[in-house]
Amino acid sequence: MRELPIILLGMGGVARALVRQIVANRGHHAVEYGLHLPFLALCDSDGAVVAFERNLDDANTLDVVEHKAAGGRLADHALGGRQADLRAIIDIAGRPGAVVVDCTATAQTIPALLYALDKKYKVALANKKPLTDTQEVYD
């Protein structure tokens with residue numbers, strides 16, 4: 001089974017729908033594609049839930065999603081903590097083969113995304129703002 005561990009930036013509606021779809025379709029991904037998509041970290045603007053040992057299990061992952069859907073902050077979740085540096089979260093939670101998924105609506109994720117690319121992680125964007133910043137950011 002091929003594993004693509006996910007670090008998710010942003011926990012708005014798009015991100016929560018993505019998490020629910022991944023969890024609901026685990027069996028399909030395994031049978032059809034031989035693929036497992038575990039979550040390593042879930043991040044919002046000032047908090048994160050990070051799997052320090054292995055992966056976040058589905059029950060806890062969905063609990064975090066419901067907490068956010070109810071208007072909660074990850075910093076206030078029982079499994080969460082404050083974070084002010086997404087790059088540090090990627091450094092702590094990342095591992096070979098990681099995919100950093102940006103579902104935010106901000107260009108403030110650019111330093112974290114560039115760091116992820118430097119670490120040879122994959123990056124997937126629902127957020128297009130990092131693609132529209134000035135060229136100097138990427139030079």
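Arg73 counts as partly exposed, at 32% relative accessibility, where partly exposed means anything between buried (under 20% relative accessible area) and exposed (over 50%), computed with a 1.4 Å probe on protein chains only. This is a predicted model, so local features need pLDDT of at least 70 and side-chain atom pairs count only at pLDDT 80 or more, while totals for chains, interfaces and linings use all residues. Residues are numbered from 1 along each chain as its sequence is written, and side-chain values use heavy atoms, with hydrogens and water left out.

**Salt bridges**

- Side chains of opposite charge can pair when their charged atoms come close.
- A salt bridge is counted here when a side-chain nitrogen of Lys or Arg lies within 4 Å of a carboxyl oxygen of Asp or Glu, and the structure holds seven of them.
- One of them joins Arg73 to Asp46, with 2.6 Å from N to O.
- Arg73 sits in the loop between helix 3 and strand 6 (80-82), and Asp46 in the loop between strand 4 and strand 5, so this pair ties together parts that are 27 residues apart in sequence.
- Asp46 is buried, because its relative accessible area is 18%.
- Arg73 also meets Asp76 in a salt bridge, at 3.2 Å from N to O.
- Asp76 is exposed, with a relative accessible area of 51%.
- Through shared partners, salt bridges join Asp46, Arg73, Asp76 and Arg82 into one network.
- Elsewhere, Asp58 and Arg26 form a salt bridge whose closest N and O atoms are 2.9 Å apart.
- That pair links distant parts of the chain, with Asp58 in helix 3 and Arg26 in helix 2 (residues 26-33), 32 residues apart.
- Asp58 counts as partly exposed at 27% relative accessibility, whereas Arg26 is buried at 15%.

**Helix 3**

- Helices (H or I, at least four residues) and strands (E, at least two) are DSSP runs, numbered from the N terminus.
- Helix 3 covers residues 58-69, which makes twelve residues, and reaches 16 Å from its first C-alpha to its last.
- That span is close to the expected 16 Å, where the expected value is 1.5 Å times one less than the number of residues.
- Its buried residues are Thr61, Val64, Val65 and Lys68.
- Seen down the axis of helix 3, these buried residues fall within an arc of 100°, so they line one face of the helix; the arc is that of the directions from the helix axis to the C-beta atoms.
- Helix 1 (13-24), strand 4 (39-43) and strand 5 (47-50) are among the elements that cover the buried residues of helix 3, with contact meaning heavy atoms within 4.5 Å.
- At the start of helix 3, a side-chain oxygen of Asp57 reaches to within 3.1 Å of the backbone nitrogen of Ala59.
- After helix 3 comes Gly71, which has a positive phi, near 95°.

**Helix 4**

- Helix 4 (residues 86-93) has Leu86, Ile89, Ile90 and Ala93 buried.
- Viewed down the axis of helix 4, its buried residues fall within an arc of 100°, so they line one face of the helix.
- These buried residues pack against strand 2 (6-9), strand 4, strand 5, strand 7 and helix 5 (110-118).
- At the start of helix 4, a side-chain oxygen of Asp85 comes to within 3.0 Å of the backbone nitrogen of Arg87.

**Cysteines**

- A disulfide is a covalent bond between the sulfur atoms of two cysteines.
- With a disulfide taken as a pair of cysteine sulfur atoms within 2.5 Å, the count comes to zero.
- Cys43 is in no disulfide, and its nearest cysteine sulfur, that of Cys103, is 11 Å away.
- Cys43 counts as buried at 0% relative accessibility, and Cys103 is buried too, at 12%.

**Asp102**

- Asp102 lies in strand 7 (residues 99-102) and counts as buried, at 0% relative accessibility.
- The side chains of Asp102 and Thr104 are joined by a polar contact of 2.6 Å.
- A polar contact is a pair of N or O atoms within 3.5 Å; within protein, one must be able to donate a hydrogen and the other to accept it, and residues adjacent in sequence count only if both atoms are side-chain atoms.
- Leaving out residues up to four places away in sequence, Asp102 touches Leu9, Thr109, Leu113, Ala124, Leu125, Ala126, Asn127 and Pro130.
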